[in-house]
Amino acid sequence: MTSKETVFFTGGAGFIGLHVVPLLLEKDYNVRIFDNMFRGDRDAVAALGDGVELIDQDVRYGGAVHAAMKGCSKVIHAAAVSINKSQSDPAESMDINMIGNHNVFAAAADHGVDRLVYCSSASVYGDPERLPMHEDDRLSPQTPYCISKRAGEDLLGFYERRNDLSWIALRFFNVYGPGQKTTAYYTSVINHFVNRIRSGQPPVIDGKGEQSMDFIHVHDIARSLVLALDCEKSNLPVNIGTGIDTTIAQLAEILIEAVNADVKPIFNERDVIASRRAADITRAKEVLGFEPTIEVRQGMIDLIRSAP
């Protein structure tokens with residue numbers, strides 16, 4: 001490693017991390033990835049080249065985190081158990097997400113890092129009371145994963161008060177893009193629809209398809225993380241989304257277009273509670289200078305057409 005600034009990146013060998021690291025290298029950072037490689041891609045990390053170091057270790061071990069962070073000036077904390085797995089195994093979720101959060105934040109405070117960027121989640125809101133969803137809205141997390149994300153934000157506040165830790169918590173909305181696992185929570189509906197469409201079958205939609213998500217491309221997520229490392233304001237949560245809610249019915253039409261199939265969705269008429277998601281991204285624009293660059297229709301079409 002050279003004397004350049006080094007970013008300590010937990011979970012950096014995963015889906016989002018592998019889109020972020022090249023941008024960090026472009027900004028002339030060195031990157032020290034700290035990842036247990038349970039979902040990481042070792043070959044992809046090796047292909048990143050010079051300036052990237054991989055430490056194969058677990059955030060649950062505070063001594064390992066503290067030792068590995070030595071010499072790093074900035075931290076990105078992305079390591080976490082997924083939202084699906086947190087419901088099937090709450091104990092592991094609490095162990096990795098809660099203890100891991102504390103180990104990373106405590107080490108960052110001890111080392112006096114310049115900035116810690118935390119990968120939080122829009123799931124901290126629970127079912128929104130209004131759209132678009134604003135950072136000051138009431139939080140009502142519903143699963144161990146979501147609860148741990150909210151608790152992580154509160155814990156950052158503690159280390160800010162106690163150690164003057166400078167932090168930004170990015171509340172990601174529905175992330176999609178190349179390299180994402182097909183079992184990922186927010187893309188399971190995409191994969192289910194695409195598999196049916198490619199086999200000549202119509203996608204089946206519950207209710208009228210009014211449920212919606214704010215789909216944000218992983219490239220824009222990566223950009224937001226790099227911007228958050230050195231923005232002037234700190235110590236606050238920031239929504240990262242597009243501000244546009246895409247309904248399940250609209251998603252089905254986009255994917256049919258992407259596959260270029262001659263099918264139409266089938267609507268399974270039954271009562272469905274239509275949850276909707278859309279981010280207020282005013283703060284992202286003001287604090288980070290962030291605006292999404294990839295429109296959901298084009299992003300989805302490019303994703304499906306580039307898939308093997």
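This is a predicted model: local features need pLDDT of at least 70, side-chain atom pairs count only at pLDDT 80 or more; totals for chains, interfaces and linings use all residues.
Author: Residues are numbered from 1 along each chain as its sequence is written, and side-chain values use heavy atoms, with hydrogens and water left out.

Reader: Why is helix 7 called oblique to helix 9?

Author: The two, residues 188-198 and 248-259, pack at an angle of about 45 degrees, with their axes 10 Å apart. Angles under 35 degrees count as roughly parallel, over 145 as roughly antiparallel, 65 to 115 as roughly perpendicular and the rest as oblique, so helix 7 is oblique to helix 9.

Reader: Which residues of helix 7 and helix 9 make the contact?

Author: Happy to list them: V189, I190, F193, V194, I197 and R198 of helix 7 meet I248, L251, A252, L255, I256 and V259 of helix 9 (contact means heavy atoms within 4.5 Å).

Reader: What makes K4 partly exposed?

Author: Buried means under 20% relative accessible area, exposed over 50%, and partly exposed in between (1.4 Å probe, protein chains only). K4 has 31%, so it counts as partly exposed. Leaving aside neighbours within four places in sequence, K4 is in contact with D28 and N30.

Reader: How do you know that the reach of helix 6 is close to the expected one?

Author: Helix 6 (residues 144-163) has 20 residues and reaches 27 Å from first C-alpha to last, against 28 Å expected. The expected span is 1.5 Å times one less than the number of residues.

Definitions and conventions:
Helices (H or I, at least four residues) and strands (E, at least two) are DSSP runs, numbered from the N terminus. Axes are lines fitted to C-alpha atoms, for helices over the stretch in contact, and angles run from 0 to 180 degrees between N-to-C directions.
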